[in-house]
Amino acid sequence: MGDTTTVSRRRAPLWIVVLAMTTLAGCAVGENPENKPETLYSPQQVAYGREYEGQVGGTPSFDPTPGVCPSPDEMDYIAPRTPGRTSAPDPHLRYSLGDRFYILVPGLSDFSGEYAINADGRVVLPFAGEVRAVGLTNAELNQVIEQAFLDAKILKEAGAHVAVRPTGYAPINILVSGAVFAPGRVTINTTTDASKVGRATPQFGDAPQDRYVAAALKAAGGVRPDADVSSIYLIRGGRRYRLNWRGAFTGERVDDVALVEGDKLEVAESVCFQTGLIRPTQITPPGIRIFQSNLTVPATNNASSSIGQYSGSLPYGTRFLQALASANCIGGTLSTNAARQAVLISRNPKTRQTEVIQRSIEELVRSANRDAVNPHLMPDDAIACYDSSVTEFSEVLTVLGQASNVVNQNANSAWYFFHLRR
């Protein structure tokens with residue numbers, strides 16, 4: 001008789017499974033993020049990591065300027081007005097490059113018509129040469145053109161008059177710097193093709209609401225929470241004016257000024273991070289864009305992960321916890337989801353350094369009104385959710401089960417191969 005010895009099929013030993021589970025469970029918990037001091041932007045971002053867990057009733061001790069700035073937990077703080085006199089140029093609209101106006105010369109129809117200011121800032125008048133127009137009010141330009149026609153002998157009587165009426169104000173370029181989210185050269189008062197329809201017949205007058213200080217600040221991303229809104233400087237023609245815009249947040253009077261091509265705006269920085277500036281206004285962004293991830297294993301589309309249009313575009317002033325709710329990171333089974341962790345990845349708009357803040361979702365829910373625990377989001381922030389230890393352990397078991405199946409399949413293959421050779 002042949003040898004009846006058989007090779008029994010065995011599963012992976014228990015000690016191997018336990019060792020793999022322990023190793024994978026240890027890998028599932030990462031280290032708390034740490035940031036260098038120069039990466040921090042707001043007082044709320046100092047309290048990163050898990051140091052606030054179990055301290056719901058505690059008070060943060062961070063005070064960037066002792067005796068000047070408030071506690072990080074003070075709600076809707078706006079710094080007092082900076083002392084000193086403010087000044088502003090006259091509020092009249094002034095002509096700029098590309099602006100159009102209509103000249104009416106009584107009795108001389110050949111000289112009447114619509115004109116535009118050239119790229120060099122001048123207007124070409126028939127038989128009267130060129131006149132400088134940029135920076136002039138309508139009354140000043142009227143006087144200049146009338147004098148040019150008199151000098152050219154087109155108007156023969158000193159009492160003859162010329163009527164100048166604006167018909168359209170063009171887009172202008174403004175330089176914005178300082179405490180704004182996107183400093184640089186911005187274009188305001190842009191026109192659309194629809195607005196040009198019906199312009200064949202000149203219409204006297206125009207009201208360019210987007211050619212003022214507020215439009216330029218919003219085009220530059222809006223003022224940051226550390227802006228001194230009582231010290232916004234306008235530089236024009238070698239002169240420097242100080243404007244006060246606290247009224248955009250408090251309801252007081254503001255120094256709104258019509259801008260001209262080539263104007264510069266500088267927004268001074270405050271020593272404090274002002275939570276009262278983090279809301280939609282004339283000079284702040286109406287909304288912010290953020291990037292979200294709410295799954296340990298990424299989904300194949302936004303629908304399955306419950307991330308839609310309104311979760312990626314949020315109102316300015318949205319807090320960390322609200323964004324996590326929008327990203328579907330909160331809720332579910334209490335015993336398995338309550339201990340989830342969330343990470344906020346933000347870039348300091350002043351130093352351009354990236355900082356990472358970790359929070360427990362349970363702590364965020366318990367301390368939703370504390371700025372030091374539940375910070376405001378800034379434009380282009382990114383948030384991510386991580387599953388609880390219970391869910392992580394479940395994932396470990398799933399991985400180990402898959403690994404065990406592979407080991408068993410290999411063992412079975414070896415047994416059949418050995419049996420065939422026998």
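Buried means under 20% relative accessible area. Keep that cut-off in mind. Tyr316 comes in at 2%, so Tyr316 counts as buried. We will come back to that residue.

Before that, a word on what we are looking at. This is a predicted model. The mean pLDDT of the protein is 76. Of its residues, 65% reach 70 or more. Confidence is highest in strand β10, residues 264–269, at 96. Confidence is lowest in α1, at a mean of 51.

Two stretches need a flag. Over residues 1–10, pLDDT stays under 50. The model has 9 contacts for them beyond four places in sequence. Residues 47–64 are also below 50. That stretch has 44 contacts in the model beyond near neighbours in sequence. Where pLDDT is low, the predicted coordinates should not be read in detail.

Now the aromatic rings. How many aromatic pairs does the structure hold? There are 6. A pair of rings is described by the distance of the centres and the angle of the planes. Take Tyr95 and Tyr169. Their ring centres are 5.9 Å apart and their planes sit at 25°, so this pair is stacked. Planes under 30 degrees apart count as stacked.

Where do these two tyrosines lie in the chain? Tyr95 is in the loop between α1 (14–28) and β1 (100–104). Tyr169 is in the loop between β5 (163–168) and β6 (172–178). Tyr95 is buried, at 1% relative accessibility. Tyr169 is buried too, at 9%. Both tyrosines belong to a cluster: ring pairs link Tyr95, Phe101, Tyr115 and Tyr169.

Next pair, and back to Tyr316. Its partner is Phe181. The ring centres lie 6.2 Å apart and the planes are at 85°, so this pair is edge-to-face. For that label, the planes must be over 60 degrees apart. Phe181 lies in the loop between β6 and β7 (184–188). Tyr316 lies in the loop between β13 (313–315) and α6 (320–326). So the pair ties together parts that are 135 residues apart in sequence. Phe181 has a relative accessible area of 16%, so Phe181 is buried. Tyr316, again, is buried at 2%.

One more ring. Which residue lies over the face of Tyr233? That is Arg240, at 4.4 Å from the ring centre.

Thr318 is buried, at 7% relative accessibility. Its side chain reaches the backbone oxygen of Pro315 at 2.6 Å. Leaving aside neighbours within four places in sequence, Thr318 is in contact with Ala323, His376 and Leu377.

On to helix α2, residues 138–151, which holds Asn142. Is Asn142 buried or exposed? Asn142 is buried, at 14% relative accessibility. A polar atom of its side chain lies 2.6 Å from the backbone oxygen of Val162. Residues up to four places away not counted, Asn142 touches Val162, Ala163, Val164 and Arg165.

Now the backbone. Most residues other than glycine have a negative phi. Here are two with a positive value. Phe127 has a phi near 65°. Where does Phe127 sit? In the loop between β3 (122–125) and β4 (129–132). Those strands run antiparallel, joined by 4 bridges. The bridge partner of Arg122 is Arg132, in β4. The hairpin of β3 and β4 has 3 residues between the strands, and Phe127 takes its positive phi there. Phe127 is exposed, with a relative accessible area of 74%.

Asn189 sits in the loop between β7 and α3 (213–219). At 11% relative accessibility, Asn189 is buried. So we have a buried Asn189 and an exposed Phe127.

Last stop, in the loop between β7 and α3: Ala207. Ala207 is exposed, at 54% relative accessible area. Along the chain, Ala207 and Thr167 are 40 residues apart. Their C-alpha atoms are separated by 9.7 Å.

Terms used. Residues numbered from 1 in each chain as written. Predicted model: local features only at pLDDT ≥ 70, side-chain atom pairs only at ≥ 80, totals over all residues. Heavy atoms only, no water. Phe/Tyr/Trp six-rings, centres within 6.5 Å; stacked < 30°, edge-to-face > 60°. Buried < 20%, exposed > 50% of the residue type's maximum accessible area, 1.4 Å probe, protein only. Lys NZ or Arg CZ within 6 Å of the ring centre and 35° of its normal. Pairing = 2+ DSSP bridges. pLDDT = per-residue confidence, 0-100. Contact = heavy atoms within 4.5 Å. Polar contact = N/O pair within 3.5 Å; in protein donor to acceptor, adjacent residues only side chain to side chain.
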